[in-house]
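Biologist: Please walk me through this fold, one question at a time, and give the cut-off behind each term as it comes up.

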Amino acid sequence: MMTIQKIDPQNIDLQLQNIEPILIDKCNWPKEFPYAPHVECRLAHTGRNLIIRFDVEEKYTAARVDRDNGEVWTDSCVETFIALDQAGYYNFETTCIGKMLLAFRKERNVDVVPASQQIIDTVKRTPSMPVATFEERVGDNRWSLKIEIPASALFKHKLEAWDGVKARMNLYKCGDNLSHPHFLSWNPIDVPAPDFHRPEFFREVVFE
């Protein structure tokens, strides 16, 4: 089980720098998809918000999706899946320019409840890149994304704060429609083909 540290709502970026990053480095399907960019993630919470910062170094980057709840996984995308209980899980999927897909679901295509735009708008996204769409860029691409998820964004639960919450999570990096598709995870996934919607491989976490 991993403990997610509580930090002060002031000077969040400075405090995040003092948190040890975790690596999203499990290349679960190396034969078919060997490409593996370098991805670090820092996690903390303020009580009200879960703070997630992704730092990515990759050769292939694209941001074609221009709206929330679009096919964000086809772009350069980082993802946070979190389950509070056995009823289902939330998938927060966000592109390098901050476009987000959010839903609650039992399985990939079972009992799927998309979040409204009003709920998605409560999730603050701060990308290092300009928010305009672009076609694939090849080179030494480095970008970061900070996401602030209020407890209330877990809209199928009556969660008021993150303090003391026990949950299960996995974190991912993908880019399905890039010239070099990749499917990386924090906790390993033991299935034959890429599939992030596997809560049996989530890792237990507890919030300070």
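**Fold and local features**

Modeller: Y90 has a relative accessibility of 0% and therefore counts as buried, where buried means under 20% relative accessible area, exposed over 50% and partly exposed in between, with a 1.4 Å probe and protein chains only. As for the ground rules, this is a predicted model in which local features need pLDDT of at least 70 and side-chain atom pairs count only at pLDDT 80 or more, while totals for chains, interfaces and linings use all residues. Residues are numbered from 1 along each chain as its sequence is written, and side-chain values use heavy atoms, with hydrogens and water left out.

Biologist: In which strand is the place of Y90?

Modeller: Strands here are DSSP runs of E with at least two residues, helices are runs of H or I with at least four residues, and both are numbered from the N terminus. Leaving aside neighbours within four places in sequence, Y90 is in contact (heavy atoms within 4.5 Å) with residues including F81, F104 and F155. The strand that holds Y90 spans residues 88–95 and is β7.

Biologist: What radius of gyration does the protein chain have, and why does it agree with a compact globule?

Modeller: The radius is taken over C-alpha atoms, and the globule rule is 2.2 Å times the number of residues to the power 0.38. The C-alpha atoms fill a box of roughly 40 × 40 × 30 Å along the principal axes. For 208 residues a compact globule would have a radius near 17 Å, which agrees with the value for this chain, 16 Å.

Biologist: What percentage of the residues of the protein chain count as buried?

Modeller: Among contacts with a separation of 6 or more, 66% link residues 24 or more positions apart. The chain contains 2 helices and 14 strands. Of its 208 residues, the share that counts as buried is 55%.

Biologist: Which residue of β11 stands opposite K124?

Modeller: Strand β10 (residues 124–127) pairs with β11 (residues 134–150) in the antiparallel sense over 4 bridges. These strands form a hairpin with 6 residues between them. Within β11, the residue opposite K124 is E148.

Biologist: Which residue of β14 is the bridge partner of M169?

Modeller: Strand β14 (residues 203–207) pairs in the parallel sense with β1 (residues 2–4) over 3 bridges, and T3 stands opposite V206 there. Strand β12 (residues 166–174) is joined to β14 by 4 bridges and runs antiparallel to β14. The partner of M169 in β14 is R203.

Biologist: What is the phi of N11?

Modeller: Most residues other than glycine have a negative phi, and most peptide bonds are trans. N11 is found in the loop between β1 and α1 (12–17), and at 58% relative accessibility N11 counts as exposed. Although N11 is not a glycine, its phi is positive, at about 55°.

Biologist: Where is the place of D111?

Modeller: D111 is not a glycine, yet has a positive phi of about 50°. At 58% relative accessibility, D111 counts as exposed. Its place is in the loop between β8 (100–105) and β9 (113–114).

Note on methods. Pairing = 2+ DSSP bridges.
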